Amino acid sequence: MAWAVTTPTTSILDPSCGDGVFVELAAERLRELGASAEEVAGLIHAVDLNPKAARLTAETLRGLLGVPFEVRAESFFSLEPPGALFNIQAPVDTVIGNPPYIRYQEFTGVSRGEALARATGAGVTLTRLASSWAHFVAHAVTFIKPTGRLALILPAELVHAAYAAPLRRFLRESFADVTVISFRRAVFPGAQESVTILLASGKGELHQRLGLVEVESSRDLDYLAEVLKRAEVFQNGSEPTKWVPGHTGNRSALCLIRLQQDGLFHPLGQIGKASIGFVSGANEFFVLTPKDAAALRLPKRSLRSALVRARQIPSFEITHRDIAAMQEGDQRCLLWLPRRSLTRAEAAYVKKGEAAGIDKRYKCRVRTPWYTVPGVVVPEAFLTYMSDTVPRLCLNSAGTATANTLLTVRLPHVPVSLRKAFVVAFYNSATMLSCERTGRSYGGGVLKLEPREADQVLVPSVALVRKHRRELLALAPRLHEVLLHGPAVQIGKVLSDVDQVLLVSSDVDAQDLSEERAALAARRQLRASSESLVQEMLAFYG
Ligand SMILES: C[S@@+](CC[C@H](N)C(=O)[O-])C[C@H]1O[C@@H](n2cnc3c(N)ncnc32)[C@H](O)[C@@H]1O
């Protein structure tokens, strides 16, 4: 708060004040700086969509100051930017707060339309994948006076999400100085989102500096001046596209760039394409166990082998044998995909589905006929969508399809004779590091790779795989064992074996890559396991 509120005349806006934690601290700070209670009440502006929250904050501030205090109970998006036609509100020196986080899937209807219009009005074009906080930030900036400041707690998506790129650009263009503080440990334990702090100053002045810094936990913020001094600084024009601390400056990041420049590695998208598996809308209805399929007398010609769980991929290759074992174990592994004319048994199954309301489910009711699952492909490989230790690429030697619990990977530019070696080669430290940097760590220790992100992951070139085909295949049995049974620590060892083959004649230091990969994976796990830090969170608000 001391950073955001510097004089007794600093005017402040919290556009989503909630219970008023921030405005209370701002009021205390202004009082400390010498402002009278009446002045404080006039300097602080608070808004919240929720009337209860607005009332609570108003009461708290009235209690604290002993003078009337108003909180606007309305959507921040309904407020015109200051200076708009017929608008009387003045811009403020500082915007503070913690904007609402509504994921794009739930962010719909009028409120989304209004938010999009506000972001566009501010000069930021956001895609439909943007969550609500991004629009909020864009609109909030329009409320700040020239030379003013912005201090917000935001989802970590600010630093890495592709959808936030236009906002990152906008912030740089709007402020002389932008600093982002990231945390190695969860600030809000148990929450799905990790957070960052955005501090921007010098609104309207020429952009000069981007500072990125990472701290262990919110306790480090007690020494904010020290933290800010440690920031990795980028001058105007030299900023990285993602704002992840250490993303471009460190040695391993440079190694990845080098491997790409030397043509040894390139993005997966250059030789293939990742996509989501089929979306049936009701896997329990469409993907059956062999016993159920037999009992329903569904014809063999309508049944295709399909995976529904990431766990069903054994190691780096799935074979007909694995599928046979699944069938023997009566696992859900048969996708019912009927031809146009249904058998009598199939017509009865359709009726059964309708009686159970399956045809009314969202994904089913929007297709004709409702019981034909679209987008069923047999890809060359699968990739785990959510990963714990390492993402897994699995060669599809069984001609099976998959539901959207796994990504499908087409590899049209990898010759059939090299596919197995290519999949083994995937398990190297450079590719795994690239996954850690490209994917998102959503809390819970999970690394998530969306198809678009998977396409950006750096993989060995076909030429490199061809050159080392035999050595790679020789590593296959050990890789299989470790992926199947080995404890997580052994994975690092196998990756090093593959590194030895692929990277030994390159200019890069495989050790750097391997250490950085292990550090990022460990950090992901640490976020998941950090103990309750509620006290820390409270300290942070102070
Ligand atoms: C993350 S909370 C803010 C918490 C607050 N800083 C506190 O400490 O209590 C987000 C707040 O945004 C409010 N909100 C959601 N949509 C809003 C909108 N369109 N305009 C204003 N406030 C909104 C919610 O009611 C909620 O109180």
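A residue counts as near a molecule or strand if its C-beta atom, placed from the backbone, lies within 6 Å of it. Of the 18 residues around the ligand, those that come nearest are Ser 16, Gly 18, Val 21, Leu 49 and Pro 100. The shell around the ligand holds 10 nonpolar, 6 polar and 2 charged residues, where Ala, Val, Leu, Ile, Met, Phe, Trp, Tyr, Cys and Pro count as nonpolar, Asp, Glu, Lys and Arg as charged, and the others, Gly among them, as polar.

The model is predicted: local features need pLDDT of at least 70, side-chain atom pairs count only at pLDDT 80 or more, and totals for chains, interfaces and linings use all residues. Residues are numbered from 1 along each chain as its sequence is written.

The division of the protein into domains, with bounds from an automatic or database domain assignment, is as follows.

| Domain | Residues |
|---|---|
| Domain 1 | 75–249 |
| Domain 2 | 250–272 + 411–535 |
| Domain 3 | 278–377 |

Taken over C-alpha atoms, the centres of domain 1 and domain 3 are separated by 45 Å.

Helices (H or I, at least four residues) and strands (E, at least two) are DSSP runs, numbered from the N terminus. An open sheet of 5 strands has the order E11-E20-E16-E18-E14, with mixed pairing; two strands pair if DSSP finds at least two bridges between them. Strand E11 (273–276) and strand E14 (317–318) stand at the edges with a single partner strand each, so one side of each is left without a neighbour in the sheet. E11 and strand E20 (residues 406–410) run antiparallel and are joined by 4 bridges; Lys 273 has Arg 410 of E20 as its bridge partner.

The axes of helix H19 (residues 469–484) and helix H20 (residues 488–503) come within 10 Å and cross at roughly 175°. Axes are lines fitted to C-alpha atoms, for helices over the stretch in contact, and angles run from 0 to 180 degrees between N-to-C directions. H19 and H20 are therefore roughly antiparallel to each other, a term for angles over 145 degrees. The residues of this contact divide into 8 nonpolar, 1 polar and 3 charged.

Most residues other than glycine have a negative phi, and most peptide bonds are trans. A cis peptide bond, with omega about -10°, joins Thr 368 and Pro 369. Pro 369 is found in the loop between helix H14 (362–365) and E16. Arg 297, a residue other than glycine, has a positive phi near 55°, and is found in the loop between helix H11 (290–295) and strand E13 (303–307).

Note on methods:
Parallel < 35°, antiparallel > 145°, perpendicular 65-115°, else oblique.
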